[in-house]
Amino acid sequence: MSANLQTPIDYLKGVGPNRADLLRSELSIHTYQDLINLFPNRYIDRTRFYKINELQRNTAEVQIIGTITGFREVAQKRGKRLVANFKDDTGMMELVWFRGQKWIRESLQIGKTYVIFGKTNWFSGKYSMPHPEIELQSEHDKNLRSAMQPIYPSTEKLSNKGITNKVVSKIMQQLFLETKGRFAETLPETLKDDLKLISKTDALLNIHFPKTSELLARAQFRLKFEELFYIQLQLILKNLIHKSKIKGFPFTEVGTYFNTFFKDHLPFDLTNAQKRVIKEIRSDLGSNAQMNRLLQGDVGSGKTIVAFMSMLIGLDNGFQCCLMAPTEILSVQHYNGLIELCKLLKINISILTGSTKTSERKIIHKNLENGQLQILIGTHALLEDKVKFKNLGIAIIDEQHRFGVAQRSKLWKKNTSPPHILVMTATPIPRTLAMSIYGDLDISIIDELPAGRKPIKTVHRYDNNRLKVFKFIRDEISKGRQVYIVYPLIQESEKMDYKDLMDGYESISREFPMPDYQISIVHGKMKPADKDYEMQRFVKGETNIMVATTVIEVGVNVPNASVMIIESAERFGLSQLHQLRGRVGRGAEQSYCILMTSHKLSNDSKTRLETMVRSSDGFEIAEVDLKLRGPGDIMGTQQSGVLNLRIADIVKDKDILQQARYYAKQVLKIDPSLALPENNVILETYRQMSKYRNIWNYIS
Ligand code: ADP
Ligand code: MG
């Protein structure tokens, strides 16, 4: 019997208490199992030797054979550095040490042939290599070298304490010795056959000690697949348990409301994406389970009509429906948008917000409870305990990220069984990421805009072009259009931002004086009532310009506004820029988005601006955002743990993720309780993972 993988790492020969402590604190390696799962970040080719005259300024690590011809010490600001001249038959370079100079000087000999390895720098006409790995050639030749030498994750503390990559490689070898390099299989044979996966034993061997680059690639694939497979399995299981435990109201009828609307009153042809999503929702509503669906669709993609038609299915089955939006303005907008349609269909609809008068409120409460009121639109005023439905069947939440999970669950309690829930968001999360973080929600996507939309023209302008931009604004206003001018508001520098906003407001007031121009201003320091008042003036077309912080980001619909100017655009994140831009382009006219910045731009800022100018596709923009920021900053990922992946990369390995999800679904479709003998290995692995906390890292 070989060593148990749950053995504490201290027991491995060559580790000992000090190193064990460091491995635990720096790399969370507690057991043999943890060590075996420490996968290399990358590999370097140690069979390739460079000549000094082949070096280029951007070569990564190189390996060179040569001799040391002399040492000297060079004084510098703090202390001194040790420099060796190193030559081969093509040229000369320098080796440099800033630490451990005494020991280096004593252990290296002039005239002997060494193999050096490391990163080179180009400095004042010469190449140099700081702190090279260095070994006598005679020693070097004794070791077996691989074309792919693993480079393990490390930390500064580890390398300072002498746990170099070489040391990690050594203890990894020791681990393979003690375990005889044999590891229990963790995927079923059928799956391995289907995907032509190599065994767990081969995969682990080749990830740490690759024999060929082909075997390395297969090892990486197998381990990435396995990692993603078990995460997906966990998420899908959670979803299945939800569905089997939580019964919904089966909406078996698609009746008069839906059909009449569809045949006689649909104001436009639905896009294919809208049709597909309505089908997905219909099938959820018709099943026995409670719907818990996230609808993602870019701004202007037409989510409202989908929401409305879903509610019609609810009404056809004798249930009430509600639609909740994060602000009063948005609720009013929804209400105004739906009231005509409801009249045509003789549906009772009302709106309830913080500013609904007590007398109206009483009527709404009464009609909700006796069932006369069929659709209720509103803000989180809907969540109050006093708001009781006779029979709430479906609740729709618009602009999801302004509401928390707690609020979702409050809606649940509005009926004896939880109503079906549809959450709508205009902040696209890349599909791959959404798949890995929203385990408890099913996802629908509208990835198509209604035909005939004029794409918004987006440009980037520097601050010194401001006069031209002002002229452009004047021209647009003279055509009867309205303009947004948005300033950043970022918590840390709130005071400065407020000042910028006010300075901006003043200069715009000078540039666009009353009575020819009317300007609204909205920012976070205003009372909600004042904010609403100013917003309403703009919505009604009484003002030409809206100067604002990002409070206008969500959902406001002013079709006559055709210009969005974003000041200090370099300070906004991509998804925010995209959201802001979505405020224009809602009418028939050509719309514009102007991104204003100074000349000082970081590379990331440049990429963000270029992306905005190039693309209007929210999902494409979200992908770039994900690449720039990593999943860590994307909403909802913090708790989900997609960051703790050991080997797979949520951005780069999305194809593997898709496969993993597909197979996890397949397995659970046939065998939801993992009871079949062939799935025993999955069940066992899954249990082990849960037991040894590995998988729980991934799950909130
Ligand atoms: P969002 O997804 O941002 O909430 P809305 O539902 O507000 O988008 O729709 C934006 C605009 O597009 C609305 O004026 C709506 O009437 C219109 N619209 C929606 N679907 C279509 C369609 N299939 N064809 C034409 N116009 C549509
Ligand atoms: Mg909307």
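Q: Between which helix and which strand does the loop with Pro-515 lie?
A: This is a predicted model, in which local features need pLDDT of at least 70 and side-chain atom pairs count only at pLDDT 80 or more, while totals for chains, interfaces and linings use all residues. Residues are numbered from 1 along each chain as its sequence is written, chains are lettered from A and ligands numbered from 1 in the order in which they are written, and side-chain values use heavy atoms, with hydrogens and water left out. Helices (H or I, at least four residues) and strands (E, at least two) are DSSP runs numbered from the N terminus. The loop that holds Pro-515 runs between helix H18 (494–511) and strand E19 (519–522).

Q: Is the peptide bond from Met-514 to Pro-515 cis or trans?
A: Most peptide bonds are trans. For the bond from Met-514 to Pro-515, omega is near 0°, and the form of this bond is cis.

Q: Lys-196 has a positive phi although it is not a glycine; is this residue buried or exposed?
A: Most residues other than glycine have a negative phi. In Lys-196 phi is about 50°, and the residue sits in the loop between helix H7 (189–195) and helix H8 (200–208). Buried means under 20% relative accessible area, exposed over 50%, and partly exposed in between, with a 1.4 Å probe and protein chains only. Because its relative accessible area is 63%, Lys-196 counts as exposed.

Q: What is the relative accessibility of Lys-346?
A: Lys-346, a residue other than glycine, has a positive phi near 55°. Lys-346 is placed in the loop between helix H13 (328–345) and strand E12 (349–352). Lys-346 counts as exposed, at a relative accessibility of 71%.

Q: What percentage of the accessible area of ligand 1 does the protein cover?
A: A polar contact is taken as a pair of N or O atoms within 3.5 Å; within protein, one must be able to donate a hydrogen and the other to accept it, and residues adjacent in sequence count only if both atoms are side-chain atoms. A nitrogen atom of ligand 1 lies 2.8 Å from a backbone N or O atom of Asp-269, a polar side-chain atom of Gln-274 is 2.9 Å from a nitrogen atom of the ligand, and a side-chain N or O atom of Lys-303 is 2.8 Å from one of its oxygen atoms. Accessible areas come from the Shrake-Rupley method with a 1.4 Å probe, and for residues only the protein chains shown count as cover. Of the 560 Å² that ligand 1 has on its own, the protein covers 72%.

Q: Which helix holds Arg-537?
A: Arg-537 counts as buried, at 17% relative accessibility. The C-alpha atoms of Arg-537 and Ser-520 are separated by 7.4 Å, although the two residues are 17 apart along the chain. The helix that holds Arg-537, residues 528–539, is H19.
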